[in-house]
Amino acid sequence: MPSSPELRVLFITSEVFPLCKTGGLGDVSAALPLALRALHNDVRLLLPGYPQVLAGVKYKSKVAEFSALPQFPPTTLLSARLSLSKTEHLPVFVIDCPGLYERAGGPYMDEFGRDWPDNALRFGLLSKIGAILASDASPIAWRPHIAHCNDWQSGLTPAYLHFHPGKKAATLMTIHNLAFQGVFPPGSVVQLGLPPHSFSINGVEYYGNLSFLKAGLYYAGHITTVSPNYAQEIQSEPLGFGLQGLLAARRRHLSGIINGIDVNEWDPASDPHLAQNYSSKKLADKAGNKSALQQHMELTADADIPLFGVVSRLSHQKGIDVLIQIAPQLVKIPAQLVVLGSDQAQLEHLLAMLAQAHPGAIAVRIGFNEALSHLVEAGADAFLMPSRFEPCGLNQMYSQRYGTPPIVHATGGLADTVVDCTPQTLADGSASGFVFDTMSAEHLLAAIKRAVAAYHDKKTWQRLQKNGMAKDFSWHASATAYQRIYHSLIGKP
Ligand code: ADP
């Protein structure tokens, strides 16, 4: 870090990979701060002191004690270091509050899948300490320009800061998952030390309860979500999950930034899970992965038949039911299909039956298998992602990087990251896959047939592959976009 960093940012989060992860937030909380630090910003994380966090960070030292917070049990603030690799580290602040965090189980639920009954206090404390550190009430010298809040767990930070009379940081609220909103009974407002008059439609109230997420969306200086198209979609039903009115009202302060991917982990030139490494200059070597995948999945060995891949949670959101509907017609084209995934038992069962009915043409693996997911990305000719909605999506980016053009429904981040193949987009060099507008079996099948026609025209196909492989999906691009928002929040050009 240079002596005079660009910006100081407190990144407030309830998860960070590899210490504690239940979803995409954990990955983003490690990768984005690293990429922002590479741009010379002084980004530090604020985390709850779950046992795995206290055990997983190094060089812990006590920097403050909070004795004057009547709502919360005794709390100490630690400064520490989180190592992500031999060369990559993040400075972190850890909230050590045994009364709220020292327990077995997950960050949000106990071992039986029940929400912790004191979640309002647990994440109220995260939000509160975030607000203190981001204001002139902070007991430490390091003062951030920006408090960057993530999902409902830190949603009260902008509210606490709003009611703080002194100097304070600007706030950014990022939505990674709009489905979880942190809704608690109205009595929590006073219990958490918020002013009673904040319990209003113009405040933290949400249908008669307190909503942490709504509070963040209402009071934050700016809101982001994980793709520009999803930022539009959540302003109306059904994807607004009840918050569409507020999000539409704040649309001038709402933007979408696509998540990056780990371009080292997902690089066909060095990926250890592949049968044969390749690059856009050595595209012919991709074929070794197709034959390895066909062999591994007991599909008929055939270098010329188009092979479609799927790696996904097997859920309604991901459109797997629609895929199952058209699979028999896909086989007739002719084409092959490989599916790797797990989740809803009914869909798992239907897929297993499909594989049984079409041996050699459809192969299904139920389960989570990191290595196989890499081989599917490399070995398939094209990748299927007919999601009903998709805030950002990762696999469509992996597949473009692997020269495996994706076929996607025009929703959320899929619409932002895949350019439909048309004569015009082929001519201007932007075509990178196949996009269908309406979510239906008929439209999915039509897109698959367009892909098969392009696949049999080797020149067109190679152009599609190379266009996708040349795209920049790195975190650097995303971090630059976040930095622009930070600058606009503090009035820096
Ligand atoms: P979501 O987070 O909604 O499930 P994303 O596309 O954003 O969807 O990310 C899913 C991630 O999980 C991707 O990295 C994908 O490769 C991986 N994944 C999903 N299912 C499996 C599986 N069965 N085996 C291996 N990886 C999987």
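**Entry 1: two helix pairs**

I began with helices α11 (residues 320–332) and α17 (residues 441–455), whose axes come within 9 Å and cross at roughly 45°. That angle makes α11 oblique to α17. I also looked up the hand of this crossing, and α11 and α17 cross in a right-handed way. A reminder to myself before I go on: this is a predicted model.

Next I took α10 (residues 287–296) with α13 (residues 370–379). Their axes come within 8 Å, and the crossing angle is roughly 125°. Is α10 parallel or oblique to α13? The angle makes α10 oblique to α13, because angles over 145 degrees would be needed for roughly antiparallel. I noted the hand here as well: α10 passes α13 in a left-handed crossing.

**Entry 2: the ligand and its shell**

I found 16 residues surrounding the ligand, and the closest are Arg313, Lys318, Gly367, Asn369 and Asn395. Sorted by class, the shell holds six nonpolar, seven polar and three charged residues.

Which elements each supply at least two residues of the shell? My list reads β13 (307–314), β14 (336–343) and α14 (395–401). With three residues, β13 gives the most to the shell.

**Entry 3: contacts to ligand oxygen**

- For Lys318, an N or O atom in the side chain is 2.8 Å from an oxygen atom of the ligand.
- For Leu394, the atom belongs to the backbone, and this N or O atom lies 3.1 Å from an oxygen atom of the ligand.
- For Tyr398, I am back at a side chain, with an N or O atom 3.5 Å from an oxygen atom of the ligand.

How much of the ligand's accessible area does the protein cover? On its own the ligand has 560 Å² of accessible area, and the protein covers 80% of that.

Which peptide bond has omega near 5°? I traced this value to the bond from Phe17 to Pro18, which is cis. Pro18 sits in the loop between β1 (8–12) and α1 (24–38).

I noted another cis peptide bond from Glu237 to Pro238, where omega is near 0°. For Pro238, the place is the loop between α8 (228–233) and α9 (244–249).

I found His40 in the loop that runs between α1 and β2 (42–48).

Methods. Residues are numbered from 1 along each chain as its sequence is written. This is a predicted model: local features need pLDDT of at least 70, side-chain atom pairs count only at pLDDT 80 or more; totals for chains, interfaces and linings use all residues. Side-chain values use heavy atoms; hydrogens and water are left out. A residue is near a molecule or strand if one of its heavy atoms lies within 4 Å of it. A polar contact is a pair of N or O atoms within 3.5 Å; within protein, one must be able to donate a hydrogen and the other to accept it, and residues adjacent in sequence count only if both atoms are side-chain atoms. Accessible areas come from the Shrake-Rupley method with a 1.4 Å probe; for residues, only the protein chains shown count as cover. Helices (H or I, at least four residues) and strands (E, at least two) are DSSP runs, numbered from the N terminus. Ala, Val, Leu, Ile, Met, Phe, Trp, Tyr, Cys and Pro count as nonpolar, Asp, Glu, Lys and Arg as charged, and the others, Gly among them, as polar. Axes are lines fitted to C-alpha atoms, for helices over the stretch in contact, and angles run from 0 to 180 degrees between N-to-C directions. Angles under 35 degrees count as roughly parallel, over 145 as roughly antiparallel, 65 to 115 as roughly perpendicular and the rest as oblique. A crossing is left-handed if the near helix is turned anticlockwise from the far one by less than a right angle, and right-handed if clockwise.
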